[in-house]
Amino acid sequence: MKWTVGTLLKRATEILKERGIKSARLDAELLLTFSLGFKDRVKLYTEFDRPLEESEVERYRQLLKRRAKGEPVAYIIGEKEFFGFKFNVKRGVLIPRPETEILVEAVFDAIKERDNLKIVDVGTGSGCIILSLCKLLKKENEYIGTDISSTAISVAKLNKEMLGCQCVKFIKTNLLDGIESPIDVIISNPPYVPFGDKRLERDVLKFEPAIALFGGKDGLQVIRRLIKEAEKKLTENGLIALEIGAGQHGEVEKLLEEEGFKDITFFKDLAGIERIVLARKE
């Protein structure tokens, strides 16, 4: 059979659907776009009837096999879009998610009129949060990303070069250890999934780093420590911004109040879950 872009895309979508992959069509398109070296998915449709060489089909088949086994598309193609920017990702680094864009947007709105701030992104991963803020704010600030993972730091530094954010520093450390105070803004998408949480998709559990996902028995182990450290290192009226898990907002609000934070505000994600919290130091 002589495959065309259109017929191969159709068959790939069917295969992924058979494997129970919800985003079968999108994944098939993203992989074929990458496999053929196209700039974007639109070109698939402008060349829908183009016959494919056997080498092109085979290259795509190998990528499709990996996706059919559950490997995330972002790891296969080595990148993920976040807030309109492309970020390198690889195994060992958490894949950026749409929910985290709400965190970036909330912080941007809170500080966009200010400058000369010291902003620290804790558990930076790919660097998507701090680098997006750097690109969006376009102001003289001190930007720092911390992570305990050497793999994450190396990927974040690669993204820093790719996006031209030379003012951002990435430091391998645990939370805020070694980061000098005072800090104006602490932002984090910390591990907040409770051990044994069965709501996580199989692909996430199998492929993404556990250290970036799990936050102890109740999911709040890292958040507790970070809130305590933030209270000590933030400036007066300094801002803390966190992404949290479903159903954790009540306990997180209590933790913030116990440390004397004020103006505690929650933001919901598209599923209506209170996903982001902002608070200021008393």
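**Reading helices, a pocket and strands**

Mentor: We can begin with helix α8 (residues 150-163), which has 14 residues and reaches 20 Å from its first C-alpha to its last, close to the 20 Å expected at 1.5 Å a residue. The expected span of a helix is 1.5 Å times one less than its number of residues, and helices (H or I, at least four residues) and strands (E, at least two) are DSSP runs, numbered from the N terminus. Please keep in mind that this is a predicted model, in which local features need pLDDT of at least 70 and side-chain atom pairs count only at pLDDT 80 or more, while totals for chains, interfaces and linings use all residues. Residues are numbered from 1 along each chain as its sequence is written, and side-chain values use heavy atoms, with hydrogens and water left out.

Trainee: Which residues of α8 are buried?

Mentor: An α-helix has 3.6 residues a turn, so residues three or four places apart point the same way. In α8 the buried residues (under 20% relative accessible area; exposed is over 50%, and partly exposed lies in between, with a 1.4 Å probe and protein chains only) are A152, I153, V155, A156, N159, K160 and L163. They lie on the same side of α8, because they cover an arc of only 165 degrees around the axis, where the arc is that of the directions from the helix axis to the C-beta atoms.

Trainee: Which residues are buried in α4, and which exposed residues does the face turned away from them carry?

Mentor: Helix α4 has 15 residues and spans 20 Å from its first C-alpha to its last, close to the 21 Å expected at 1.5 Å a residue. Its buried residues are V57, Y60, L63, L64, R67 and A68. These cover an arc of only 140 degrees around the axis, which puts them on the same side of α4. The face turned away from that buried side carries the exposed residues E54 and S55.

Trainee: How is a pocket found, and what lines the second largest pocket?

Mentor: Rolling a probe the size of a water molecule over the atoms shows where empty space is left. On a 1 Å grid over the protein atoms alone, a pocket is an open set of points where a 1.4 Å probe fits, with protein on both sides within 12 Å along at least five of seven lines, and lining residues have an atom within 4 Å of a point. The second largest pocket is lined by W3, L8, R11, A12, I15, R19, V57, Y60, R61, L64, K65 and A68. The volume of this pocket is about 180 Å³, a volume being the space filled by probe spheres set on the points, which are joined across faces, edges and corners.

Trainee: Which helix gives the most to that lining, and what classes of residue does the lining have?

Mentor: Helix α4 gives the most, with 6 residues, and both α1 (5-18) and α4 (54-68) supply at least two residues each. By class, the lining has 8 nonpolar, no polar and 4 charged residues, where Ala, Val, Leu, Ile, Met, Phe, Trp, Tyr, Cys and Pro count as nonpolar, Asp, Glu, Lys and Arg as charged, and the others, Gly among them, as polar.

Trainee: Where is W3 placed, and is W3 buried or exposed?

Mentor: W3 sits in the segment before α1, and W3 counts as buried because its relative accessibility is 19%. Although W3 and V57 are 54 residues apart in sequence, they are 7.6 Å apart in space, C-alpha to C-alpha.

Trainee: How do the strands β1 and β2 run, and how many bridges join them?

Mentor: Two strands pair if DSSP finds at least two bridges between them. Strands β1 (residues 79-82) and β2 (residues 85-88) run antiparallel and are joined by 4 bridges, with F82 standing opposite F85 in β2. Their hairpin has 2 residues between the strands, and F83 takes a positive phi near 55 degrees there.

Trainee: Which way does β6 run beside β3 and β7?

Mentor: β6 runs parallel to β3, with 4 bridges, and parallel to β7, with 5 bridges. V120 stands opposite I186 in β6, while the partner of V185 in β7 is L239. Of the 6 residues of β6, 6 are buried.
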